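Here is a short briefing on one protein model. It is grouped by topic.

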Amino acid sequence: MTAHPKPSAEAQRRAEIKQRRETSTFWATVHLLGSLNVAVFLLITIAGAIAFATIMESKFDSAVARYYIYDNPFFMLWLLVLALNLLCAALTRWPWQRKHLGFVVTHAGIILMLIGAVVGKTIGFEAFVTLDKTKPPESFLLMHENILTIDAPDGVRGQMPFNVEMHPPTEKKPFTLPLENSPLKLVIDRTTENLVPDDALVESSDPTALAGVTLHLINAGMGQDVTVQLQPTDGAATFDFFGLAKIMLVDSLDEAHPLASTVKPEVTAPATRRDDTPFRETQLVFANSPQTPVVDTDSDMPIGYAAKLTPLAGHANTFTVTITAVNGTTKTWPLSELENKWSSLSGDGDPILFQVAKYWPEFAMKDGVPISLSDQPRNPAILLQITGPSKLLPPPAPSPTAQAPPLPHGLVMRIALAKEPGKIVYELERAGKIEARAVAAQGDVFSPGWSKWEAKIDAVLAHAELHKDVKEFTGTVTPQMAASLRPGIRAHLVAPDGKNGPTEWIPAGTSRELFSGKDFASEIVRVGFGQRVIPLSFLITLENFEVPRDEGTDTPSNYISTLRFDEPSTGRVVRDKAFMNSPAMFPGDFWRSLLGWNYKFSQANWNPQNLNETTLQVLYDPGWPFKWIGSLGICSGIALMFYFMPKRSPSERAGREEPEPTK
């Protein structure tokens with residue numbers, strides 16, 4: 001006798017799952033959130049966002065990608081929704097069986113990784129610290145995040161993120177912030193990267209005040225104007241002129257024995273005649289940096305032609321040369337057609353001719369002579385020769401704009417007050433030799449013999465006091481000046497009647513008092529601007545910094561920072577070294593490493609001009625264990641699914657009922 005077919009255990013299980021899905025709102029929601037359609041939609045949108053962030057980072061920088069994607073609250077929300085989708089997908093198989101083990105472990109691993117990312121983002125941080133072994137220990141870290149701090153009139157202090165990099169305020173679109181519990185508004189209408197000190201020495205009524213001298217160093221050709229304030233106090237008696245010269249205020253100089261200057265005045269070359277006389281110009285053009293050619297000409301002005309060396313698409317060893325005239329006319333040739341062959345942009349009749357006199361696949365200098373290190377185009381460069389009648393050159397520039405020769409090192413200017421009020425005695429030294437000594441009065445201009453620079457005496461004060469301020473530098477920024485410039489914001493208060501208070505520049509890392517009116521009886525708000533600071537419970541000292549080199553070269557092979565960590569509360573002292581790709585850690589306990597509670601110090605930057613200084617990246621990531629356990633879970637789950645999954649019968653794989661055996 002044959003019995004009726006008996007439903008298999010798998011079929012019964014599926015029937016129960018279907019029933020609870022149809023009868024329970026909770027399980028219906030779980031199956032909806034854990035569906036494959038929702039998972040695919042989430043993964044596609046997250047992948048699209050990451051792809052967009054990658055493109056933005058390559059076109060701009062990582063700050064743009066962080067602002068629009070990775071730091072965006074919606075991106076974090078989407079990751080949490082993905083974690084919910086994974087949890088619900090695992091719950092749809094409940095009650096779990098042995099065959100679900102790999103599936104559940106894999107999903108749990110992904111969820112743990114997402115939790116670790118959220119924990120690291122919200123509790124952890126990435127910051128930086130610059131250490132100098134000649135300076136005191138550091139106990140603060142700086143984050144790449146600008147903030148505003150506000151001390152309101154009612155004593156309330158607050159701070160807020162202020163991203164000037166992505167949304168810089170302008171005069172047309174200022175940043176306006178109504179102040180809490182106050183009728184005033186804070187308005188920020190400018191940002192700059194070029195703030196310089198604008199200190200002013202003014203006459204003091206205090207008879208015990210020290211003397212002071214104000215100079216202006218002017219380079220008309222470069223459009224530079226540098227103010228020098230000197231007073232016999234700590235830090236103000238010597239002015240460092242971009243590391244190239246020192247200006248010092250001393251007690252006295254030998255006024256009775258002047259010394260005529262032995263520096264010969266510079267002679268400006270006469271302007272090139274504009275006629276049929278041919279000019280000759282060469283340009284050393286690099287394919288890797290076409291915007292910075294090395295131009296040499298026998299005239300007072302280059303012709304203005306621009307050349308670009310570009311590899312041919314799909315042919316790494318084949319190049320084209322593009323020439324662009326001042327009027328925008330452009331033409332491109334294969335490199336081989338211009339090598340030692342004169343050509344022109346407009347063909348026959350064009351008086352401006354050019355040719356490629358030399359091509360180096362891998363340009364390098366050896367013993368002062370250009371050579372090619374190999375036949376591979378690792379640093380392609382060409383020597384372009386240009387000639388034509390000088391009458392086609394641009395008009396000569398006015399003589400003040402002539403390029404100044406570089407300023408030599410070892411220059412010193414000493415200044416002392418003369419016996420006669422309103423006058424000074426100055427002394428010029430070059431390489432240890434006194435070259436000039438003379439007396440000058442307030443308002444006089446003299447040449448110190450420093451290239452194109454001239455010195456003007458603005459003020460000679462017997463009793464002076466220093467008023468500190470800053471201003472925006474609008475001239476040409478030289479590499480020597482760049483290190484002394486500071487970023488900052490410009491702000492003012494607006495009263496309820498719409499009247500503006502005085503405007504103040506606030507340099508990064510400082511704060512300023514803003515007034516709602518023109519007098520000191522008005523309301524005062526202190527506003528600060530700078531990077532977010534993280535205080536530490538321990539001190540960091542740089543004991544040594546080493547930069548080993550590859551044998552026979554100047555190429556760094558490693559960066560080694562020897563660090564000392566002092567924890568005052570416990571008296572604990574830890575020493576560790578940060579190598580390239582090997583961070584130093586504090587406190588350094590093994591169990592803290594497992595929990596992600598160690599501070600990791602990695603090499604981030606160094607200053608080739610000062611080997612006493614190094615910049616370290618500091619990471620603190622409590623989400624680290626979640627990420628690693630999650631990674632192990634994903635790998636284990638995949639292994640379980642592929643290698644340890646129990647075998648199923650053909651009927652189970654097909655989802656059919658299993659008939660009972662015939663009795």
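How many salt bridges does a search of the whole structure find? The search finds 17, a salt bridge being a side-chain nitrogen of Lys or Arg within 4 Å of a carboxyl oxygen of Asp or Glu. The model is predicted: local features need pLDDT of at least 70, side-chain atom pairs count only at pLDDT 80 or more, and totals for chains, interfaces and linings use all residues. Residues are numbered from 1 along each chain as its sequence is written, and side-chain values use heavy atoms, with hydrogens and water left out.

**Salt bridges**

- D189 pairs with R490, with the closest N and O atoms 3.0 Å apart. D189 lies in strand 5 (residues 185-197) and R490 in strand 27 (residues 486-494), so the bridge ties together parts 301 residues apart in sequence. Helices (H or I, at least four residues) and strands (E, at least two) are DSSP runs, numbered from the N terminus.
- Both D189 and R490 are buried. Buried means under 20% relative accessible area, exposed over 50%, and partly exposed in between (1.4 Å probe, protein chains only).
- K121 bridges to D71, with the closest N and O atoms 2.2 Å apart. K121 sits in helix 6 (residues 101-122) and D71 in the loop between helix 4 and helix 5 (73-91), so parts 50 residues apart in sequence are tied together.
- K121 is partly exposed at 42% relative accessibility, and D71 is partly exposed at 39%.

**Nonpolar core and surface patch**

- The largest nonpolar core has 25 residues, of which F125, L141 and F601 touch the most other members. Such a core is a set of buried Ala, Val, Leu, Ile, Met, Phe, Trp, Tyr and Cys residues joined through side-chain atoms within 4.5 Å.
- Strand 30 gives the most to this core, with six residues.
- F590, W591, L594, L595 and W597 form a nonpolar surface patch with about 540 Å² of accessible area together. Patch residues have over 30% relative accessible area and no salt bridge; nonpolar side chains are joined within 5 Å, like charges within 9 Å.
- F590 belongs to helix 9 (residues 590-595) and is exposed at 64% relative accessibility.

- Four strands form an open antiparallel sheet in the order 12-11-19-16. Strand 12 (294-297) and strand 16 (353-360) stand at the edges with a single partner strand each, so one side of each has no neighbour in the sheet.
- Strand 11 (residues 278-286) pairs with strand 12 over four bridges; pairing requires at least two DSSP bridges. Q283 stands opposite V295 in strand 12.

Notes
Areas by Shrake-Rupley, 256 points an atom, 1.4 Å probe, with all protein chains shown as cover.
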